[in-house]
Structure formats: C-alpha cells, structure tokens
Amino acid sequence: MHPTIEQMQMVVAKGDESQIADLLAEDVRFLPPTYYKTWTGRVPVAAVLSHVGQVFSGFQYRRIMGGGKDWALEFQCKVGELNAVGVDLITLNDDGLIQTFEVVMRPYKTVGALREAIMARVMQDPRFLDFKDALS
C-alpha cells in the first residue's frame, strides 16, 4: 500500500488539520458529497477536512482498493445518530501527495445532516471568508 494512503487512514478521522495538510498537494482538489462544487488548495482543503473529522464519529475504513496513483477507500461513520457509508476516491500526484480527493456517500439524509453540521462549523470559522475563492 502507498505510504500516503497508510497515513491517511490514521489522520483523517482525527481531524488534525496539520497532519491532513502534510498529505495534500499544494493544488489539491476536493469534491465533497454535500454539493457540486470543488475546493482547491492545500490550506482550504485541510481546513474543510478537519471540520469533517470533527463532525464524523465512529469513522473507520472498511476496505481499501487500488494501486499506483488511484485508490478507493470505503468507510463507515455516523453523523449525529445517522449512519453512513461512503468511498474516498483518491488520486495521488507524482510526488505521492493527494492531488484529487472525491467523496461519495449515502444515504441522502445523512449527507444532508453532514452539510448542515459542516455549514454551522464553517460559518464560525473566520478563515473561510478568505477561502471563498478556493471554491468553484
């Protein structure tokens, strides 16, 4: 298994922004399950993922598939009292850092709860006023 994928398993659920940032390419693209827009850039993506790590509970990866630069990591977690399953679709760059990070998740009700929880956190994080240009 690629070392970045091994590290990712340990740091994503913790929500530790600095550890997450160490795994991301400078121009990483993050496609969340909550809306059809993309976050771009190491600092904003690490901030978003750290908030997600704080909202999820009982997060664990169930299966990991892939090789080389392309990986799929199936996970399960809770958002509040709602269960969810999902897949992190990861593409690594030539340096072994995460270039693209797309999340697919279900059920719909849990994705809605995630969106509400993340929005509440982001609205209280003043850095996101500066990050609005990172969302396209």
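Visitor: What pattern does the chain follow, read along the sequence?
Guide: In this predicted model, the order is α-α-β-β-α-β-β-β-β-α-α. That gives five helices and six strands.

Visitor: Okay, and what radius of gyration does the chain have?
Guide: The chain has 14 Å. A compact globule with 136 residues would have a radius of gyration near 14 Å, so the chain agrees with that expectation.

Visitor: What does the C-alpha trace span along its principal axes?
Guide: About 35 × 30 × 25 Å.

Visitor: How many of the residues are buried, as a percentage?
Guide: Buried residues make up 46% of the 136 in the chain. As for the surface, the chain exposes about 7400 Å², and carbon and sulfur atoms supply 53% of that area.

Visitor: How does the lining of the largest pocket divide into nonpolar, polar and charged?
Guide: You'll find 24 nonpolar residues there, along with one polar and three charged.

Visitor: And the second largest pocket, what's its volume?
Guide: About 150 Å³. Its lining consists of L31, P32, P33, Y35, Y36, K37, T38, E102 and V103.

Visitor: How do those residues divide up?
Guide: The lining of the second largest pocket has six nonpolar residues, one polar and two charged.

Visitor: New topic: where is D125?
Guide: Look in the loop between α4 and α5.

Visitor: Is D125 buried or exposed?
Guide: D125 counts as buried, because its relative accessibility is 11% and the cut-off for buried is under 20%.

Visitor: What separates D125 from H51?
Guide: Their C-alpha atoms are separated by 9.8 Å, while along the chain the two residues are 74 residues apart. You can find both in the structure above and compare their places for yourself.

Conventions. Residues are numbered from 1 along each chain as its sequence is written. This is a predicted model: local features need pLDDT of at least 70, side-chain atom pairs count only at pLDDT 80 or more; totals for chains, interfaces and linings use all residues. Side-chain values use heavy atoms; hydrogens and water are left out. Ala, Val, Leu, Ile, Met, Phe, Trp, Tyr, Cys and Pro count as nonpolar, Asp, Glu, Lys and Arg as charged, and the others, Gly among them, as polar. On a 1 Å grid over the protein atoms alone, a cavity is a set of points where a 1.4 Å probe fits but cannot get out, and a pocket is an open set with protein on both sides within 12 Å along at least five of seven lines; lining residues have an atom within 4 Å of a point. Grid points are joined across faces, edges and corners, and a volume is the space filled by probe spheres set on the points. Helices (H or I, at least four residues) and strands (E, at least two) are DSSP runs, numbered from the N terminus. The radius of gyration is taken over C-alpha atoms; the globule rule is 2.2 Å times the number of residues to the power 0.38. Buried means under 20% relative accessible area, exposed over 50%, partly exposed in between (1.4 Å probe, protein chains only). Accessible areas come from the Shrake-Rupley method with a 1.4 Å probe; for residues, only the protein chains shown count as cover.
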